[in-house]
Amino acid sequence: MPVIAPMPAARPARLSSQREGAEESVAAGTTVDHLTETYRAHYRSLLGLAALLLDDTASCEDVVQEAFIRVHSARSRVREPEKTLAYLRQTVVNLSRSALRRRILGLKLLSKPMPDMASAEEGAYDQLERDALIKAMRGLQRRQREVLVLRYFADMTEAQVAETLGISLGSVKAYGSRGIAALRVVMEAQG
């Protein structure tokens, strides 16, 4: 009859040390200090990203602050420190979407229309062109607008846009191409 030897006692200790090492690597990438440094380095760029998706400064600041709070709360799930910024960008995009949804619902419930934008005499010619572009951007499909904002206004690569939005690189190219074509048609018709 074969004899089965018991497992050596050293092996479970090695497994627990491997688990501790894994927990330390998770903790190392998600420290409060790392998040603080990310805040200092990228707050303005995230605020700019929110500004391109929303239309008022207060909402942009609220969205970015909320993004940092949420990532801070979930920092134990961020395993690699280099992905902290990607999580923050994705959170800013998602919170901006939510803010826009709430606004649309609020506009539907309003009994009176919102006041019109300022007249041409009150702004410079550049501001008028920018307003026309923003208006044209708002007429795009949501994904097209998000891709164009991240790609050209936030100056992200196509791969970064794909990662931030959770779509494929081919989808980024397709949405970008169709969005630019739609913008071109609208802008040429305006002026």
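Predicted model: local features only at pLDDT ≥ 70, side-chain atom pairs only at ≥ 80, totals over all residues.

Trainee: How far apart are the closest N and O atoms of glutamate 146 and arginine 143?

Mentor: Side chains of opposite charge can pair when their charged atoms come close. Here the closest N and O atoms are 3.6 Å apart, and glutamate 146 forms a salt bridge with arginine 143. Both glutamate 146 and arginine 143 are buried. Through shared partners, salt bridges join Arg97, Arg142, Arg143 and Glu146 into one network.

Trainee: Where do glutamate 146 and arginine 142 lie?

Mentor: Both are in helix α6, 4 residues apart, and their side chains meet in a salt bridge at 3.4 Å, N to O. Arginine 142 counts as partly exposed because its relative accessibility is 39%, whereas glutamate 146, at 3%, is buried.

Trainee: Which parts of the chain does the pair of arginine 103 and aspartate 56 link?

Mentor: The closest N and O atoms of this salt bridge are 2.5 Å apart. Arginine 103 belongs to helix α4 and aspartate 56 to the loop between α2 and α3, 47 residues apart, so the pair links distant parts of the chain.

Trainee: At what angle do helix α6 and helix α8 pack?

Mentor: The angle is about 95°, with the axes 8 Å apart. That makes α6 roughly perpendicular to α8. The contact residues include Arg143 and Leu148 of α6 and Tyr175 and Leu183 of α8; the contact divides into 7 nonpolar, 3 polar and 2 charged residues.

Conventions:
Residues numbered from 1 in each chain as written. Heavy atoms only, no water. Axes fitted to C-alpha atoms, helices over the stretch in contact; angles between N-to-C directions. Helix = DSSP H or I, 4+ residues; strand = E, 2+ residues; numbered from the N terminus. Parallel < 35°, antiparallel > 145°, perpendicular 65-115°, else oblique. Contact = heavy atoms within 4.5 Å. Nonpolar A, V, L, I, M, F, W, Y, C, P; charged D, E, K, R; others polar. Salt bridge = Lys/Arg side-chain N within 4 Å of Asp/Glu carboxyl O. Buried < 20%, exposed > 50% of the residue type's maximum accessible area, 1.4 Å probe, protein only.
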